[in-house]
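Dear colleague,

I am passing on to you the structure below, together with some notes on what turned up in it. Please read the notes with the structure open beside them.

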Amino acid sequence: MKLSKITPLFKTGSESDSSNFRPVSVLPALSKVFEKIMLDQLTLHFNKNKLLHNKQYGFTKGHSTIDAGVKLISDIFNAWEESYDGVGVFCDLSKAFDCVHPDILVGKLQHYGIDGKPSSLMNSYLKGRIQRVHVNGVTSPGSQVSMGVPQGSILGSFLFLIYVNDLPFFVNEVHEMVLFADDTSLLFKVNRNNVLLDDLNNYISRIVNWFNVNNLLLNENKTKCIRFTTTSVKRDIGNLKIKDSELNFVDKTVFLGITIDSKLQWGAHIWCVPLSAHDDQNAPLAIPHTDRGRCGHGENVTHDVMTNAHATLLDGSL
């Protein structure tokens, strides 16, 4: 029930660097039945009592990346209509799901009313887990995992939402936050003529402190900042800092698959879509096949299968 097999999946870069591999976790089928029952009970409790924060859009019924994107864009337009600029901070958390501290998570579950035997059950579920790495037909002896929620599990994503559910309370009503699981995006309203960002630095310090207390690591080198403005006049802007590191302001960044720039002109996103679509439309060609539409395993790859694969990938890009 607590044993998982890890298969490293290569992403990009050098194959000699272990950080360029994504660990894919395979869990026992019986554990997923058990997790589905637990998830149904947790979801019912949190939805019935309206415990999930409305700024969380990840892994929640009725919400998607589209809703998160609409919320962010609306917040930027609202700032402009009030004659403010918007400063967006797009936080990058390093291996967020692997950094979840079990004791902190159980404490938060108790805060939300999951106590007694359900709390003990969740504590047992999170602790004493074993993982084995399977590479080139060889399996490691296994080691105990002391941190994180089980990736590849049915329950893990929802547990992470609970873990970060109190984060939005650290942002003042004047400012905005959009959460999509471990993607944390902040939008601050700033005076267009103000070059001092002391107020923003104070809020960012509070949020970074929240990350530290909750055992989450913010990667300042990958965290992006954009000043959203309607004016073409370039102004000097103050510095945003995380600890002793100064964050760099950029003209554009990718937010949940959307390329956004400082003036919301969408040229950068429109330019990226054909490139992505070109890659996706060729993806079905990677399906192994031989003559007469048969794959290497002797299974028929019909015209309908290829058409559906093409439509799914291409429509997703557009």
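By the rule used here, in which a salt bridge is a side-chain nitrogen of Lys or Arg within 4 Å of a carboxyl oxygen of Asp or Glu, the count comes to 9 salt bridges. Before the details, please note that this is a predicted model, in which local features need pLDDT of at least 70 and side-chain atom pairs count only at pLDDT 80 or more, while totals for chains, interfaces and linings use all residues. Residues are numbered from 1 along each chain as its sequence is written, and side-chain values use heavy atoms, with hydrogens and water left out.

**Salt bridges**

One of the salt bridges joins Lys-55 to Glu-176, with the closest N and O atoms 3.0 Å apart. Lys-55 lies in the loop between helix 1 and helix 2 and Glu-176 in strand 7 (residues 176-180), so this pair ties together parts that are 121 residues apart in sequence; here helices (H or I, at least four residues) and strands (E, at least two) are DSSP runs, numbered from the N terminus. Both Lys-55 and Glu-176 are buried, where buried means under 20% relative accessible area, exposed means over 50%, and partly exposed lies in between (1.4 Å probe, protein chains only). Lys-55 and Glu-176 also belong, with Lys-71 and Asp-75, to a network of salt bridges.

Asp-85 takes part in a salt bridge with Arg-192, the closest N and O atoms being 3.0 Å apart. This pair links distant parts of the chain, since Asp-85 is in strand 3 (residues 84-91) and Arg-192 is in the loop between strand 8 (183-191) and helix 6 (198-213), 107 residues apart. Asp-85 is buried, with a relative accessible area of 1%. Arg-227 is buried, as is Asp-85.

**Aromatic rings**

A search of the whole structure finds 9 aromatic pairs, where rings of Phe, Tyr and Trp (its six-membered ring) pair if their centres lie within 6.5 Å, and planes under 30 degrees apart count as stacked, over 60 as edge-to-face and the rest as tilted. In one of the pairs, the rings of Phe-46 and Phe-158 have their centres 5.7 Å apart and their planes at 90°, so the pair is edge-to-face. Phe-46 is in helix 1 (residues 29-48) and Phe-158 in helix 5 (residues 156-163), 112 residues apart, and both are buried. Ring pairs link Phe-46 and Phe-158 with Tyr-112 into a cluster.

Phe-77 and Trp-80 form another edge-to-face pair, at 5.5 Å centre to centre and 85° between the planes. Phe-77 and Trp-80 are 3 residues apart in helix 2 (residues 65-81) and are therefore separated by about one helical turn. Phe-77 counts as partly exposed, at 39% relative accessibility, whereas Trp-80 is buried, with a relative accessible area of 13%.

There are also charges over rings, a charge being counted if NZ of Lys or CZ of Arg is within 6 Å of the ring centre and within 35 degrees of the ring normal. Lys-108 lies over the face of Tyr-163, at 4.8 Å from the ring centre, and the charged end of Arg-129 sits over the ring of Tyr-125, 4.9 Å from its centre.

**Pocket and cavity**

On a 1 Å grid over the protein atoms alone, a cavity is a set of points where a 1.4 Å probe fits but cannot get out, and a pocket is an open set with protein on both sides within 12 Å along at least five of seven lines; lining residues have an atom within 4 Å of a point. Grid points are joined across faces, edges and corners, and a volume is the space filled by probe spheres set on the points.

The largest pocket holds about 970 Å³ of space. Of the 33 residues that line the largest pocket, the closest to its centre are Pro-23, Lys-95, Phe-97, Asp-98 and Gln-151.

The search finds 1 cavity of 30 Å³ or more. Helix 6 gives the largest share of the lining of the largest cavity, 4 residues.

With best regards
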